[in-house]
Amino acid sequence: MAQMDHNQALQLQAAVKYVLGELSQVQRDEYEEHYFDCAECAVDIKALATFADTTREVLRRERESQLAKELVPARGGWLRWLQPVVAVPVFAALLLIIAYQNTVTIPQARGRGDQWRGADSVQFACATRRQHSGRRGKDSRDSPG
Ligand SMILES: [Zn+2]
């Protein structure tokens, strides 16, 4: 195996490609043989490896913080979207139900109550009055009824 000389290594940008894993197996072996004997290439490899590790670490941290940032506003954004779009129709529906009860259901029920005034409702009223006086106990005995 022919050893790579320093000029060949520079021309090939062997240090960068070695760190990035872009050298062929043969080039890799040749360059490794060279940089063990070449202080300049050894320093290049070390610096580039450190740079690559640092870059990878920085990118990883940036990605993590970006993910964290994306997650937190996403939740707030979801709530911001949820409040006006869903809450307003829900409140509108509730208002409609209340308005319907006040204008249609309750007057109808009152009308029915008027129709039902008769023997049954009087008995019902007496029954409830008895229950109330029974619950009151002593006080109801004082007043004649
Ligand atoms: Zn060299």
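Is Cys38 buried or exposed, and what is its relative accessibility? At 11% relative accessibility, Cys38 counts as buried, a term used for residues under 20% relative accessible area, with exposed meaning over 50% and partly exposed in between (1.4 Å probe, protein chains only). The model is predicted, so that local features need pLDDT of at least 70 and side-chain atom pairs count only at pLDDT 80 or more, while totals for chains, interfaces and linings use all residues. Residues are numbered from 1 along each chain as its sequence is written, and side-chain values use heavy atoms, with hydrogens and water left out.

**View 1. The zinc ion and its donors.** His6 (ND1), His34 (NE2), Cys38 (SG) and Cys41 (SG) coordinate the zinc ion at 1.9 to 2.3 Å, where donors are N, O and S atoms within 2.8 Å of the metal (3.2 Å for Na, K and Ca) and sites may look incomplete because water is not among the atoms. The arrangement is tetrahedral because the 4 donor atoms subtend angles of 98 to 125°, and four donors count as tetrahedral if all angles lie between 85 and 135 degrees. Along the chain, the donors follow the spacing H-x27-H-x3-C-x2-C, and His34 is buried, with a relative accessible area of 6%.

**View 2. The loop residue Gln13.** Gln13 lies in the loop between helix H1 (6-12) and helix H2 (14-20), helices being DSSP runs (H or I, at least four residues) numbered from the N terminus. Although Gln13 is not a glycine, its phi is positive, at about 55°. Most residues other than glycine have a negative phi.

**View 3. Val90 in helix H4.** Val90 is found in helix H4 (residues 39-116), and is partly exposed, with a relative accessible area of 42%.

Terms used. Helices (H or I, at least four residues) and strands (E, at least two) are DSSP runs, numbered from the N terminus. Four donors count as tetrahedral if all angles lie between 85 and 135 degrees; four count as square planar and six as octahedral if opposite donors are over 155 degrees apart and all others between 65 and 115; anything else is irregular.
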